[in-house]
Amino acid sequence: GLRMCTGLCSSSLSLSSAEISADRSMRLGFIASGRGTREPRAHAMPLFQDSRQPSALEFHTELLRSMNRSRSVSGSLQRRHTVKEAKDMKNKLGLFRRRNESPGDNAACRSERVTKSLKPTPEEALKWGESFEKLLIHKYGLAAFRAFLRTEFSEENLEFWLACEDYKKIKSHSKMVSKAKKIFTEYIAIQSCKEVNLDSYTREHTKDNLHNINRDCFDLAQKRIYGLMEKDSYPRFLRSELYLDLINQKKCCPTL
C-alpha cells in the first residue's frame with residue numbers, strides 16, 4: 001500500500017512538472033512570435049539623458065529649460081514674421097508714393113523748371129558779347145561761362161576770381177585771416193591743387209600781403225586772372241556752340 005501511494009505521488013508530481021514545462025514553452029513561443037508584446041511608441045528626445053531616476057528638483061529645472069527653448073524658438077519665428085511684414089508694408093508705401101507722385105515733383109524736373117526760368121532770351125544773351133563784365137553779372141551767363149571753362153580744364157580761374165569777390169565781403173577780421181590763408185593755399189601756392197597761372201612777381205607780392213592781411217590782399221592777383229580770362233577764354237566762349245545756341249534759339253510762338 002505504501003509503494004502504491006508513493007508511485008501515485010511521484011506520477012502526479014511528474015505530471016505537474018510536465019504541465020509546467022509545457023505552459024512555459026507555450027508562453028515563450030507566444031512571446032517570440034511577437035503577439036504577446038506591444039511595439040514601443042516613438043517618443044521625442046527625453047528630458048534626461050541619464051538613465052537614473054531624476055529627483056523632483058532636477059525634473060522641474062529641466063522642464064523649465066525646455067519651455068524656455070520652445071519660447072525662444074517661437075519668439076524668433078514671430079520676430080521674423082514681424083520684420084517681413086514691416087518690409088512688405090514699406091515696399092507698399094513706397095510704391096503708393098511713387099504712383100501718387102506727379103512727374104513734375106521730382107528734383108530733376110524742379111531744377112529744369114528753374115533753369116528754364118533763368119534761361120535768357122536771345123536779346124539778353126547778345127548783351128554778353130558787349131563786355132566780359134556783363135557776362136559775369138548775369139547768373140545764367142556766369143553759369144554758362146563756368147560750364148565752358150570746365151570743357152577747357154581752366155575752371156580754377158573763375159573759381160579764384162569768385163573766391164576773391166567773396167573775400168572782400170567778409171567783415172570779421174578773424175574770418176578774413178582764415179579765408180586769406182585758404183585762398184592762397186588753394187590757388188596761389190606753387191603746386192597747389194587749383195593753382196592759377198600767375199607771374200612770379202604777382203605771386204610773391206600776394207604772399208607778402210599775408211603778413212598784413214586786409215581787404216586788398218588779392219587785388220593784384222585777381223586783376224591778373226580777370227585780364228587772362230577776358231583776353232583768352234572770353235573770346236573763345238563767344239565763338240562756342242554753347243553761346244551760339246543761346247543767341248540763335250527760336251522763340252516758341254503760341255498757336256491760335
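**A chat about a predicted model**

Q: Gln 191, buried or exposed?
A: Gln 191 is exposed, its relative accessible area being 74% (exposed is over 50%, buried under 20% and partly exposed in between, with a 1.4 Å probe and protein chains only). This is a predicted model, where local features need pLDDT of at least 70 and side-chain atom pairs count only at pLDDT 80 or more, while totals for chains, interfaces and linings use all residues. Residues are numbered from 1 along each chain as its sequence is written, and side-chain values use heavy atoms, with hydrogens and water left out.

Q: Where is Gln 191 found, then?
A: Gln 191 sits in the loop that runs between H8 and helix H9 (200-209), helices being DSSP runs of H or I with at least four residues, and strands runs of E with at least two, numbered from the N terminus. Although Gln 191 is not a glycine, its phi is positive, at about 60°.

Q: Which loop holds Phe 153, and what is its phi?
A: Phe 153 lies in the loop between helix H6 (139-151) and H7, and its phi is near 60°, a positive value in a residue other than glycine. Phe 153 counts as exposed, with a relative accessibility of 73%.

Q: Changing topic, how many helices and strands does the chain have?
A: The chain has 11 helices and zero strands. Of its 256 residues, 23% count as buried.

Q: How do H7 and H8 pack?
A: H7 and helix H8 (residues 173-188) pack at an angle of about 170°, and their axes are 11 Å apart. Axes are lines fitted to C-alpha atoms, for helices over the stretch in contact, with angles from 0 to 180 degrees between N-to-C directions. H7 and H8 are therefore roughly antiparallel to each other (over 145 degrees; under 35 is roughly parallel, 65 to 115 roughly perpendicular and the rest oblique).

Q: Which residues of H7 and H8 make that contact?
A: From H7 come Glu 156, Glu 159, Phe 160, Ala 163 and Tyr 167, and from H8 come Met 176, Lys 179, Ala 180, Ile 183, Tyr 187 and Ile 188, contact meaning heavy atoms within 4.5 Å. By class, eight of the residues are nonpolar, none is polar and three are charged (Ala, Val, Leu, Ile, Met, Phe, Trp, Tyr, Cys and Pro count as nonpolar, Asp, Glu, Lys and Arg as charged, and the others, Gly among them, as polar).

Q: And what about Lys 169, where is its place?
A: Lys 169 is in the loop between H7 and H8, and this residue is exposed, with a relative accessible area of 61%. The C-alpha atom of Lys 169 is 8.5 Å from that of Arg 215, although the two residues are 46 apart along the chain.

Q: At what angle do H7 and H10 pack?
A: Helix H7 (residues 155-168) packs with helix H10 (residues 219-238) at an angle of about 140°, and their axes are 10 Å apart. Among the residues that meet here are Phe 160 and Trp 161 of H7 and Ile 225 and Tyr 226 of H10. The contact of H7 with H10 holds nine nonpolar, two polar and three charged residues.

Q: How far apart are the axes of H9 and H10?
A: The axes of H9 and H10 are 8 Å apart, and the helices pack at an angle of about 150°, which makes H9 roughly antiparallel to H10. Tyr 201, Thr 202, His 205 and Thr 206 of H9 meet Leu 220, Ala 221 and Arg 224 of H10. In this contact three residues are nonpolar, three are polar and one is charged.
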